[in-house]
Amino acid sequence: MYAVTVIPGTADSLRLVDNFPEPSPQEGPVLVETLSAGICGTDREIIDGAFGEAPPGSDTLVLGHESLGRVIEDPTGQLRAGDLIAGIVRHPDPVPCPNCAAREWDMCRNGLYTEHGIKARQGFARERWRTQPEFAVPLAPGLAEVGVLLEPASVVAKGWEHVDRIGARSVWRPRRVLVTGAGPIGLLAALLGQQRGLEVHVLDRAEVGHKPALVDRLGATYHAGPVMALDFEPDIVLECTGAPTVVIDVMDKVGRNGIVCLTGVSTGGRTIEIDAGALNHSLVLENNVVFGSVNANRRHWLQAAEALARADVGWLAGLITRREDLDHYAEAYEGQPDDIKVVLEFPAAR
Ligand code: BGC
């Protein structure tokens, strides 16, 4: 069968192979046919050789951690043939650490977790894959065109859940949220903020194009320009750029008792000058919390599936700005200036 593979650590080893072995029953009883795989910055880092790990005993990693598929069979009877599902990316470490033992693998303590298409577990960018029922998340049939957004939505659902939990440390009536970055993560973060009834502001570099239009259609306010030029102090910031100056500026900008959730995976290697003492001064005197958030457990995937089901499907479809078939797999992984989410479509989607 077709699979998109790389040799981790070897730059430009991206290939579409046509003779990849069928998924082994050891991967789980649920057999799934792939409809599409979403592409993000993590895939590009793996292609560049900077990240990624093949499963034990193999030098090849199948890419793909953002999935949409249809169940072919589930002998356990928990899912039905034809069900639309997405596969959970992370699996608990085998020790397991206290968090993985509690099925909170997104908070794994020992780093021995595995991730489809990223770390020691084959990805979803192959025609068929297998998993356990616990790692398959059902999607409403109406989400057939956009269900591939569930993985980025799960990352955002976890960020929001942790904001709520941190907020519960005091009387917490947030009004305004600032989302920095209008890529897929930022736009989905804005959607969840809007669903919470908050006043949503989205900041990005783009001055024209899809991004301002999508923010507008959500009923949120778009800002192009620096964080420090904003004339308000947000109660919550969801930082989705990973850009060093933006990260530091939002810590400064957030209001009293404010919470900053960092979701952007920066590449590092660029230094900027900051007045650490002044920053500390404002964080302490304002009771601010800055925290990082990665990945998601099953609870967050279910929250995300609910959020997508409540959203306007037309708006969600607007986030997918390019769909490529397997003949154009290499183009799919090359970013273009106007891309928001690019999706690789498999033959079963046709
Ligand atoms: C994925 C997460 C994953 C992280 C680190 C991100 O792109 O969305 O699920 O945990 O990469 O590997």
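## Close-up views of a predicted model

View 1. In an unreviewed entry, UniProt gives residues 27-139 the feature "domain: Alcohol dehydrogenase-like N-terminal".

**View 2. Helix α3 packed with helix α4.** Two packed helices are described by the angle between their axes and the distance between the axes. Here α3 covers residues 150-167 and α4 covers residues 184-195; the angle is about 50° and the axes are 9 Å apart. This angle makes α3 oblique to α4. The crossing of the two helices is right-handed. On the α3 side, the contact is made by P152, A153, V155, V156, A157 and W160. On the α4 side, the residues are I185, L188, A189, L192 and G193. Sorted by class, the residues of this contact are ten nonpolar, one polar and no charged.

**View 3. Helix α3 packed with helix α8.** Helix α8 is formed by residues 298-310, and its axis comes within 8 Å of the axis of α3. The two axes cross at roughly 110°, which makes α3 roughly perpendicular to α8. From α3, the contact takes in L150, E151, A153, S154, A157, K158, E161, H162 and R165. From α8 come R299, H300, W301, Q303, A304, A305 and L308. By class, the contact of α3 with α8 holds seven nonpolar, four polar and five charged residues.

View 4. Strands of a sheet pair through backbone hydrogen bonds, either parallel or antiparallel. In this sheet the pairing is parallel, and the strands stand in the order β14-β13-β12-β15-β16-β17. The edges are β14 (221-224) and β17 (289-292). Each of these two has a single partner strand, so one side of each is left without a neighbour in the sheet. From one strand to the next, the twist averages 20°.

**View 5. The pairing of β15 with β16.** Strand β15 (residues 236-239) and strand β16 (residues 259-262) run parallel and are joined by four bridges. In one of the pairs to look for, I236 has I259 of β16 as its bridge partner.

View 6. The bond from V95 to P96 is cis, and its omega is near -15°. P96 itself is placed in the loop between β7 (90-91) and α2 (98-101).

**View 7. A positive phi at D12.** D12 is not a glycine, yet its phi is positive, at about 60°. The residue lies in the loop that runs between β1 (3-6) and β2 (15-17).

**View 8. The surroundings of K119.** K119 is in the loop between β8 (114-116) and β9 (120-121). With neighbours within four places in sequence left aside, K119 is in contact with E53, G111, L112, Y113 and T114. Along the chain, K119 and V260 are 141 residues apart, and 28 Å separates their C-alpha atoms.

Definitions and conventions:
Residues are numbered from 1 along each chain as its sequence is written. This is a predicted model: local features need pLDDT of at least 70, side-chain atom pairs count only at pLDDT 80 or more; totals for chains, interfaces and linings use all residues. Side-chain values use heavy atoms; hydrogens and water are left out. UniProt positions are given in the numbering used here, feature names are shortened, and annotations may be inferred rather than shown by experiment. Axes are lines fitted to C-alpha atoms, for helices over the stretch in contact, and angles run from 0 to 180 degrees between N-to-C directions. Angles under 35 degrees count as roughly parallel, over 145 as roughly antiparallel, 65 to 115 as roughly perpendicular and the rest as oblique. A crossing is left-handed if the near helix is turned anticlockwise from the far one by less than a right angle, and right-handed if clockwise. Contact means heavy atoms within 4.5 Å. Ala, Val, Leu, Ile, Met, Phe, Trp, Tyr, Cys and Pro count as nonpolar, Asp, Glu, Lys and Arg as charged, and the others, Gly among them, as polar. Two strands pair if DSSP finds at least two bridges between them.
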